[in-house]
Amino acid sequence: MNIIAITKNIRISPKKMRQVSIVIKGMNVLDAIDSLNFITRKSASFILKTLNSAIANAENNFSLKKENLFIKEIMVDDGVTLKRWRARAFGRAAPIRKRSSHLTIILNQVKEEKIKKKVQKLAEPSIKKIAKSGEPVSVPREKQSKLTDMDKDKQAKHEEIFDSRMKGKHRSKQHVDNVTQKQSGGRLSRIFRRKSI
């Protein structure tokens, strides 16, 4: 169920509004309100006002709880642009565009199954906490990594490559010849040898 709140002809450019609206998209309503209170931008106050309006619509018209709502979509569209002029040098006039924007916030309710899962996750003690406490950790079979034959082959190949690199086998014969030639002083190094003054 979508709950919509629209504010039209806000006297601020859409670009400035979008910079803040991107931050709160997909957030829980309560988290969005907290973040908007701490954002020091002019557009944050307009978005907060519209968000409060959407929450009021949800509570009064659809009798939904504030805690279960999240921002499904937030759209900022171009509004009416007021055209003004400013005097410039040599009798010219430069245009001034006073932009406005339309803000649309769409809220939706979080599914109860997701809420239950989150509550269960919070209730279950995490493996890290158990490990810190000193108790023996038993990882469930579902989470244990099952290596297939292909995975074992890949692992063996990686180990071979690593071993060969450690021993220097990966270097080609040409590369080794070049290195030895440089060390012994190749033909070019003999020609362009630096002469002492």
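## Ser43 and helix α3

Ser43 lies in helix α3, which covers residues 42-61, where helices (H or I, at least four residues) and strands (E, at least two) are DSSP runs numbered from the N terminus. The model is predicted, so local features need pLDDT of at least 70 and side-chain atom pairs count only at pLDDT 80 or more, while totals for chains, interfaces and linings use all residues. Residues are numbered from 1 along each chain as its sequence is written, and side-chain values use heavy atoms, with hydrogens and water left out.

With a relative accessible area of 2%, Ser43 is buried; buried means under 20% relative accessible area, exposed over 50%, and partly exposed in between, with a 1.4 Å probe and protein chains only. Apart from its neighbours within four places in sequence, Ser43 is in contact (heavy atoms within 4.5 Å) with Ile12, Lys16, Met17 and Val20.

Helix α3 as a whole has 20 residues and reaches 29 Å from its first C-alpha to its last, close to the 28 Å expected at 1.5 Å a residue, the expected span being 1.5 Å times one less than the number of residues. Its buried residues are Ser43, Ala44, Ile47, Leu48, Thr50, Leu51, Ala54, Ile55 and Ala58. An α-helix has 3.6 residues a turn, so residues three or four places apart point the same way. The buried residues of α3 pack against β1 (3-10), α1, α2 (29-38), β2 (69-78) and β5 (101-109). Just after α3, Ser63 takes a positive phi of about 50 degrees.

## Arg18 in helix α1

Arg18 belongs to helix α1, residues 14-24, and at 35% relative accessibility it counts as partly exposed. Although Arg18 and Ser43 are 25 residues apart in sequence, their C-alpha atoms are 8.7 Å apart in space.

Leaving aside neighbours within four places in sequence, Arg18 is in contact with Val76, Asp77 and Asp78. The side chain of Arg18 reaches the backbone oxygen of Val76 at 2.9 Å.

## The three-stranded sheet

Three strands form an open sheet in the order β1-β5-β2, with antiparallel pairing, where two strands pair if DSSP finds at least two bridges between them. The edge strands are β1 and β2, each of which pairs on one side only, and the twist averages 15 degrees from one strand to the next. Helix α1 packs on the sheet, touching β1, β2 and β5, and its direction makes about 165 degrees with that of β2; axes here are lines fitted to C-alpha atoms, for helices over the stretch in contact, and angles run from 0 to 180 degrees between N-to-C directions.

Nine bridges join β2 to β5, and in this pairing Leu69 stands opposite Gln109, while Asp78, which is also in contact with Arg18, stands opposite Ser101. Six bridges join β1 to β5, with Ile6 opposite Thr104. Eight of the nine residues of β5 are buried, so this strand is largely enclosed by the rest of the structure.

## The protein as a whole

The protein has eight helices and five strands, which follow the pattern β-α-α-α-β-β-β-β-α-α-α-α-α along the sequence. Of its 197 residues, 22% are buried. Among contacts between residues at least 6 apart in sequence, 70% join residues at least 24 apart.

Definitions and conventions:
A polar contact is a pair of N or O atoms within 3.5 Å; within protein, one must be able to donate a hydrogen and the other to accept it, and residues adjacent in sequence count only if both atoms are side-chain atoms.
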